[in-house]
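Please open the structure in a viewer and keep the selection panel at hand.

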Amino acid sequence: MQDKKEKENILMEKIVSLCKRRGFVFSGSEIYGGLAGTWDLGHFGVALVNNIKQSWWKKFVDSRRDMYGIDAAILMRQEVWQNAGHVANFADPMVECEKCKEKFRTDQLESKDKCASCGGKLIEAKKFNMMFQTRVGASDDSSAVSYLRPETAQGMFVNFKNTVDAFHPKLPFGMAQIGKAFRNEITPRDFIFRVREFEQMEIEYFVRKEDWEKYFEYWREEMLDWMEEVGIDMNKVHEIEIGDGDRAHYSSRTIDFEFEFPFGQKELFGIAYRTDFDLKNHKLDYVDEEKGEKIIPHVIEPTFGVGRALLTILLSAYNEEGEGDEARSYLKFKPSIAPVICAVSPLLKNKPELVEYANTKVFAPLKAEFGRVVWDDNGNIGKRYRRQDEIGTPFCIVIDFDTLTDDAVTVRDRDTGKQERVKVSNLKNYIQEKIS
Ligand code: GAP
């Protein structure tokens with residue numbers, strides 16, 4: 001019998017292989033041997049990630065009245081990172097092998113004193129700042145130094161005044177951003193879990209100091225709601241209170257939402273109480289016009305990694321059933337985030353009347369309406385179903401000879417395998433209802 005660990009390794013291998021084979025995720029710079037900590041999204045990966053981001057933006061920005069979007073530059077002046085404390089503090093404690101010089105993060109060691117690569121002795125190494133440093137322009141003096149942002153958060157803090165001046169929001173209000181972040185991780189690992197270039201979806205929610213606990217609790221619950229909405233297996237999510245000494249330098253309280261990944265229970269998302277740390281350090285404040293007072297708002301920060309959301313959703317959706325010829329694996333994505341909503345198939349691809357009907361009366365109108373629709377006429381119907389199951393397409397629509405006389409198609413459900421006849425005139429509504 002396979003033990004749990006072995007099964008989990010196999011599951012991870014299956015996900016990595018499916019992601020490559022079916023065009024979700026490829027390794028970065030692969031034809032040159034890969035670049036550690038970078039991954040590229042293929043067609044279905046982009047579609048899935050776009051749906052994840054859209055669902056996040058819809059819930060946390062578009063459906064609210066107190067949230068302001070921002071899309072700040074990745075390159076920021078070095079003063080931002082000096083004053084935010086990242087130049088001094090954004091470092092992981094490290095050890096180094098005396099013999100082969102390989103470096104390891106102290107919190108990820110299998111053995112405290114033996115190198116995992118060569119068995120040499122581990123010694124304390126210099127702290128390693130994880131920000132990617134670069135230079136802006138041709139000058140080589142120190143004023144040209146800039147950093148690729150290691151968190152999107154600072155893009156919001158430095159635009160706090162602009163946002164207040166442009167929109168005059170009343171407290172509490174928030175700023176939201178989705179964008180790339182970069183960290184020169186010492187040991188990128190576990191597929192897309194720990195990488196050097198990734199995307200974050202972050203909110204900085206500005207409150208009065210006395211209200212921070214109320215809003216911390218509020219946002220904790222909002223985060224859980226969204227996780228459920230996008231299909232994360234909530235039985236595998238655990239809330240971990242991060243103790244003194246283990247929190248980021250700016251946080252007075254942090255809860256990590258950890259997920260039971262096949263490679264261990266690890267951080268998925270987090271929520272932090274950043275106090276007035278950032279606004280104070282950037283010398284920013286807020287004037288309450290009604291009360292006529294100047295204050296520095298405090299900040300609750302819900303933060304989400306897009307790549308970790310993607311991996312968790314893939315793991316939560318992966319299912320296998322049946323044996324032999326009946327065996328299938330399928331991704332049970334919520335229809336609202338599935339990269340493809342439906343596949344359209346003429347029963348036989350060499351029958352022009354079926355192809356013509358499928359193309360003009362079914363595929364074209366559905367494609368125009370939903371975009372996430374594919375044409376699939378390759379192999380027999382069973383093979384097409386398996387192929388669509390693997391990428392998590394909730395509905396397969398088949399146009400057969402009866403369709404030519406009754407204007408109805410067969411819609412096959414991914415999860416139950418059940419089929420029903422639906423009138424072509426009602427197809428758009430049918431699908432719309434299922435995905436909303
Ligand atoms: N602004 C707060 C902040 O950046 P963080 O816990 O360092 O907090 C936020 O990062 C989220 O970004 C994490 O919960 C995780 O989802 C994601 N993340 C962080 N480092 C990552 C990495 N190296 N690879 C992939 N995702 C990462």
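Begin by selecting residues 352-370 and residues 427-435, which are helix α10 and helix α13. Their axes come within 11 Å and cross at roughly 40 degrees; axes here are lines fitted to C-alpha atoms, for helices over the stretch in contact, and angles run from 0 to 180 degrees between N-to-C directions. Helices (H or I, at least four residues) and strands (E, at least two) are DSSP runs, numbered from the N terminus. α10 is therefore oblique to α13, given that angles under 35 degrees count as roughly parallel, over 145 as roughly antiparallel, 65 to 115 as roughly perpendicular and the rest as oblique. The crossing of these two helices is right-handed, meaning that the near helix is turned clockwise from the far one by less than a right angle.

Two reading notes apply throughout. This is a predicted model, in which local features need pLDDT of at least 70 and side-chain atom pairs count only at pLDDT 80 or more, while totals for chains, interfaces and linings use all residues. Residues are numbered from 1 along each chain as its sequence is written, and side-chain values use heavy atoms, with hydrogens and water left out.

Next, select helix α1 (residues 4-21) together with helix α9 (residues 306-317). Their axes lie 11 Å apart at an angle of about 110 degrees, so α1 is roughly perpendicular to α9. This crossing, too, is right-handed.

Move to the loop between α6 (160-167) and β12 (173-182), where Pro172 lies. A cis peptide bond, with omega of about -5 degrees, joins Leu171 and Pro172. His168 belongs to the loop between α6 and β12, and its phi is positive, near 50 degrees. Most residues other than glycine have a negative phi, and most peptide bonds are trans.

A polar side-chain atom of Glu301 lies 3.0 Å from a ligand nitrogen atom.

Terms used. A polar contact is a pair of N or O atoms within 3.5 Å; within protein, one must be able to donate a hydrogen and the other to accept it, and residues adjacent in sequence count only if both atoms are side-chain atoms.
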